[in-house]
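Here are some notes for a first reading of the model. Please keep the structure open while going through the points.

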Amino acid sequence: MSGTHDVTPIEEDLPLQPLPLDAWHRDRGARMVGFAGYHMPIQYEGIMAEHGWTREHAGLFDVSHMGQLTFTGDGVDAALEHLLPSDIRGLKPFRQRYSMLLDDEGGILDDLMVSRLGDGAFDGADIYMVVNGATKYDDIGWMIEHLPDEVTMNHMDEQALLALQGPEAGAALASLIPETADLLFMQSGLFTWRGVSLWISRSGYTGEDGFEISVPGEAVALLADALIEQPEVKPIGLGARDSLRLEAGLPLYGHDLDPDTTPVAADLGFALSKRRREEGGFAGAERILAERESGAIQKRVGLIIDGRQPVREGADVLDAEGSMVGRVTSGGFAPSVGKPIAMAYVPTAMAEPGTQITVSQRGKVHHATVTAMPFIPHRYVRAGA
């Protein structure tokens, strides 16, 4: 398989790299931290304030660390369907789906968004994919190894990526690009702003209405400036992004998902389309389809923690005898819920909402209740809404 960029894994001892908006963030008082090999803003005004602003108005996130890939060539749909459990063949132009890159045993190597392109976007490529920043070079290496030579993959490292999220995101973006108002959840399109081509999708990682905007790196500061000139938009850092996605019940790769986790255990079975479930033929299909029938040993669940003290990743889930039977994978105080919440893997027998469980963290015992996710309702803009 060929690619148009030389892609090699980031070594842990390499210095952190700046993203195209690095100076932009610093000029606006961002506190910068290392994340996925890059300098990134964790907060501007404070995580609680930024969380609340996004829930009520619109937040602008720089997610340019994520990997943007395109695929083209004979048999591209079938080739990707071998690695992903989603229906790529049935994916229509300007539509996107949530999916997962799976290893040969059905473990999750990454979770991702995959779109069918159209209108000559990205030099006429067929498929556009966004993968997590911390795993993108491993993903690229895996796909180089497993995709046939007829499929060409392009890592678009010259593209930046912005996410505009919140109930007022649609109005803010439409004030710059009116045509985006016609997009619905999980739809995408090619748009032009001030002569710059933008690939925009309507989805997001906060549970709110929102958009992802792929923009050439040299134009991203101009677009970011135009967006935060809208009174409803403020820049938001990684800290609030994490608390927002936790409230939305959305997993974070490397924490709630990893190669030891299957889509069934992760409660992501919706990403296995009907045709693929019937036909199989994807990596790890035998194990995953068997788990769909008989159930996984463990399941990802939401927890409401009693009291005010949050539990964090790595805390133990205990059974009635005090033995460790599961683990917390994400946790924190949820500003919009007003309580500590968490995600955890627990035995399937303990996964029913309403189940009372015990969590141990640093020798302190916490009581928790299994609850359905998301912790707050999603507010996506769908057809007929």
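1. In helix 10 (residues 285-294), the buried residues are A285, I288 and E291. Buried means under 20% relative accessible area, exposed over 50%, and partly exposed in between (1.4 Å probe, protein chains only). Helices (H or I, at least four residues) and strands (E, at least two) are DSSP runs, numbered from the N terminus.

2. Why do they count as being on the same side of helix 10? They cover an arc of only 135° around the axis, so they share a side. The arc is that of the directions from the helix axis to the C-beta atoms. E286, E293 and S294, on the other side of helix 10, are exposed.

3. This is a predicted model, in which local features need pLDDT of at least 70 and side-chain atom pairs count only at pLDDT 80 or more, while totals for chains, interfaces and linings use all residues. Residues are numbered from 1 along each chain as its sequence is written, and side-chain values use heavy atoms, with hydrogens and water left out.

4. Strand 6 (96-102) is included in what covers the buried residues of helix 10. Just after helix 10, G295 has a positive phi of about 90°.

5. In the order 15-18-17-16-19-20, 6 strands close into a barrel with antiparallel pairing. Two strands pair if DSSP finds at least two bridges between them.

6. Strand 15 (residues 298-305) and strand 18 (residues 339-347) run antiparallel and are joined by 7 bridges. I304 has I341 in strand 18 as its bridge partner.

Technical notes: Contact = heavy atoms within 4.5 Å.
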